[in-house]
Amino acid sequence: MTVAILTDVGVRIRTGVLRFFGKHITEQRPFVEIEYERARRRTKDDEKVLRDIDYYASLVGLRAQQFEIVTQDRFVLQLFRIYDPSELEERKKSRYPVLLIHGLLQKDSLAFYLCKSGYDVWLGNNRCGFDYKHLDLSYSNPRLWEWDVRDMATKDVPSFINFIIEKTGHQKVGLVGHSQGTTQVFLALSRFHVPDLGRRISGFCALAPSVYAGPIIDRDFFKCFRYLSPSTYRLLFGIHAFIPAMCVLRSIIPKRAVTYCSYAMLHFLFCWSDDRWDQFLESRMFQFSPVYVSAESMRWWLGRDGFATRRCIFDAETSEPWFDSRCPPIALWIAQEDSLVDGERLINRLENAEPDVVLLKTKVIPTYEHLDVLWAVDAVDQVAKGVKEVLWCTAYQREDFRCPTECEEL
C-alpha cells in the first residue's frame, strides 16, 4: 500500500501543477469544466459520503429497496430495486425489468439513468460482497470461503434472475454486466454450465467484458501468483477472505483517506487514471469498493492453471463453440485503452467462432479505460444511452411495457 501511495503522488502533483498554472488542463482532465460546474451546484447533502445506496438514490428523486435471497448453497445475497417513490404501483408494473451486476453507483450512474428512463432496475450484489452472510456458516469457518467465480456464475446469477421473475411476474429480464459481472454471465450462459438461463434473459449488455486477459496480466506483480502451487497459495492466504484487512480498514479510517488509498492502489496495480472521472464523486464510489471476496476466487483469477495462465475464462484454443442457440442476443462496450482485458479478441471470437450468438452491437470507445465505462463523466452519452436502446430492442413482449424515453423510434 505504501508503494502504491508513493507511486500515485507523482500523478497527483502533476495534476495539481497543471491546474495551478492553468496549462493543458483539458488535456490532462478533458471534463474539468464540467467538474467545476457541478461543484458550483452541489449542496451539503451531495457532500455526504455514505455506503448507502438508498441515500444516493434519494438525491435524484429515487429510492432503493433491499431484498435478501438465498442461493442453493445457502448464501444470503443482497438485491436492490431502484424505484420512483412518486409512482403508483400499477405504473411500476409497466416497466421492463433489468438486472445490473457489479454496477458501481454515482449520481448519474447507469442504474439511476435507466430507472429515470423507464426501466424497473435491480442491482445484484454477489455473495459476501459488502457483508458476508450465510444461513449456516460463520466468518471463521473456511467453508464460507470455498467458492470462486464459477459458483457466482452458476448459483448467484440464476438466483437473482429467478427472484426478479417471480417478484415481477414477467417471463424475462434484460441483463447488464460490468467486468467480473460479465465473466459470471458468460460462464453461466455457456454450454458447460447453465445454458438454459439464456431462455430467461432477453438481452445481455456487457461493459468492459472480462473474457480474455489483457497485457497487464504479465506484470511481475501478477506473475508471482502463477508461481505458487495451490498448497503454497493456501498456506499464504488461507481458505478465507482475500486480504480482509482492506475491508476492515475502510470501516475505521477517514472516508477521504479510503478514497485516496483505494485510487492509489488501483493506479499502482492496473495503471488506471481518474482523468475522465468527476473527482468529487470518487469518495462516494470507493465506499462500494473493495468488497469481501474469497481467496479461492482470486486464485481462480491469478493462480496457476487459472485465468492468468489460460488468458481466457474458457479454453481459448478450442474450435468448439462456447454457446448454443439458448444464448440471448449480446451487445459489447469495449474500452480501447483497457489493459486488464482484451475486448477486441472477444469481438473476433463472437463474430467468427460462435454461429449461434447474435451480436447486436459492438462499440469500441477510444481513450476509455476499464472503469471509465461506468465512471467517466461522459459515460451516459458513450455507454448508457446505447444500453438503454439495446435493452428495449431485445425486450420480450415489449408491447406489454411502457416505452423508455427516447426509444419510441426503435
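This tour visits some aromatic rings and then a few arginines.

Before we start, know that this is a predicted model, where local features need pLDDT of at least 70, side-chain atom pairs count only at pLDDT 80 or more, and totals for chains, interfaces and linings use all residues. Residues are numbered from 1 along each chain as its sequence is written, and side-chain values use heavy atoms, with hydrogens and water left out.

Stop 1: How many aromatic pairs does a search of the whole structure find? There are 28. Rings of Phe, Tyr and Trp (for Trp, the six-membered ring) pair if their centres lie within 6.5 Å; planes under 30 degrees apart are stacked, over 60 edge-to-face, and the rest tilted. Select Phe192 and Phe314: their ring centres are 6.0 Å apart and the planes sit at 55 degrees, so this pair is tilted. The two partners come from distant parts of the chain, 122 residues apart. Phe192 is in the loop between helix 8 (180-189) and strand 6 (201-207), while Phe314 is in the loop between helix 15 (307-310) and strand 7 (330-335). (Helices, H or I with at least four residues, and strands, E with at least two, are DSSP runs numbered from the N terminus.)

Is Phe314 buried or exposed? Phe314 is buried, at 6% relative accessible area, whereas Phe192 is partly exposed at 45%. Buried means under 20%, exposed over 50%, and partly exposed in between, using a 1.4 Å probe and protein chains only.

**Stop 2: a stacked pair.** Now pick Phe270 and Trp272. Their ring centres are 4.5 Å apart with planes at 25 degrees, so they count as stacked. Phe270 is buried at 16%, and so is Trp272 at 7%.

**Stop 3: charges over rings.** Here, NZ of Lys or CZ of Arg must be within 6 Å of the ring centre and within 35 degrees of the ring normal. Select Arg127, whose charged end sits over the ring of Trp147, 5.8 Å from its centre. Then hop to Arg349, which lies over the face of Trp322 at 4.0 Å from the ring centre.

**Stop 4: Arg398.** Find Arg398 in the segment after helix 18 (379-393). Arg398 is partly exposed, at 26% relative accessibility. Finally, show Arg95: C-alpha to C-alpha, Arg398 and Arg95 are 9.7 Å apart in space, yet 303 residues apart in sequence.
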